[in-house]
Amino acid sequence: MSLRTLSAVVLMLALGACASREGELDPTGGIRAARSACPAVGVPASTGDITLFDPPQSRDARAIDVTAVITNLRTTCDETGAEVVATTSFDVQARRRDTAAPREVVLPYFVTVVRGGNVVVAKRISRVAISFAAGQDRATATAQGSSVIARSAATLPEDVRKQITRKRKAGEEDAAIDPMSEPAVRAAVARASFELLVGFQLTPDQLQYNATR
């Protein structure tokens, strides 16, 4: 979830009042929503696919050896304890040019925890092995990554939560003011927002290729 999306959810919290169930329309206007301590999960731009060339220095389409993409992210999250534990598994779907013999391709990927949209608080690099049978041009492997975040760090301070969720009535001076427009509130929400990001660990040349092709 991006900070912009999170802001929209928080705004719905501010506009909503006492709907009996999450997601219901509130009689006074707005929708009641709940903020989760679980991290948003995603793949950063230009890191969700990788292309290997043979020879490696070539960028000719005829020299493409192996391509692979990260897809089908599946996440579980336990936020009931003092630590928020999120685990994401995903598929790596690969395709190769030369199918004559069996082959194993090992690709590096990263798992990163980001706070506030731009602060990396943890990063781990792992590898996934993809096995092609003789005559097979496509293969799939499964990999995973996880994060452990202190629940206290992912929880909004009580005063900020009250400021965001305070019931506002039409006609009041601040009824139409977005609480996220206040720098202190916006900063507190950012500090309590985490993302779990996965992608291929690309070389500078591979990243440039993905960004400019």
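Predicted model: local features only at pLDDT ≥ 70, side-chain atom pairs only at ≥ 80, totals over all residues.
**Exercise 1. Work out the strand order of the open four-stranded sheet, and say why one side of β1 and of β6 is left without a neighbour.**

Step 1. Begin with β5 (residues 103-115) and β6: these strands run antiparallel and are joined by 13 bridges. In this pair, Glu104 faces Ser131 of β6.

Step 2. Now go from β5 to β8. Seven bridges connect these two, again antiparallel, and Thr112 lies opposite Leu197 in β8.

Step 3. Move on from β8 to β1. This pair is parallel, with three bridges, and Ala40 stands opposite Glu195 in β8.

Step 4. Look at the ends. Because β1 (40-42) and β6 (119-132) are at the edges with a single partner strand each, one side of each has no neighbour in the sheet. From one strand to the next, the twist averages 15 degrees.

A reminder that helps here: strands of a sheet pair through backbone hydrogen bonds, either parallel or antiparallel.

**Exercise 2. Decide whether the residues of β8 are mostly covered or uncovered.**

Step 1. Recall the cut-off: a residue is buried when its relative accessible area is under 20%.

Step 2. Apply it to β8: seven of its seven residues are buried, so by this cut-off the strand is mostly covered.

**Exercise 3. Find the largest nonpolar core, and name residues that Val92 touches.**

Step 1. Size it up: this core has 28 residues. Those with the most contacts inside it are Ala68, Phe90, Val92, Leu107, Val128, Ile130 and Phe200.

Step 2. Trace where the core comes from. The elements giving two or more residues to it are β3 (64-78), β4 (83-96), β5, β6, β7 (138-150) and β8 (194-200).

Step 3. Zoom in on Val92. Leaving out residues up to four places away in sequence, its contacts include Ala68, Ile70, Leu107, Val128, Ala141 and Phe200.

Step 4. Finish with the second, separate core: it has seven residues, among them Leu156, Ile164, Val189 and Ala192.

Key
Residues numbered from 1 in each chain as written. Heavy atoms only, no water. Pairing = 2+ DSSP bridges. Axes fitted to C-alpha atoms, helices over the stretch in contact; angles between N-to-C directions. Core = buried A, V, L, I, M, F, W, Y, C linked by side-chain atoms within 4.5 Å. Buried < 20%, exposed > 50% of the residue type's maximum accessible area, 1.4 Å probe, protein only. Contact = heavy atoms within 4.5 Å.
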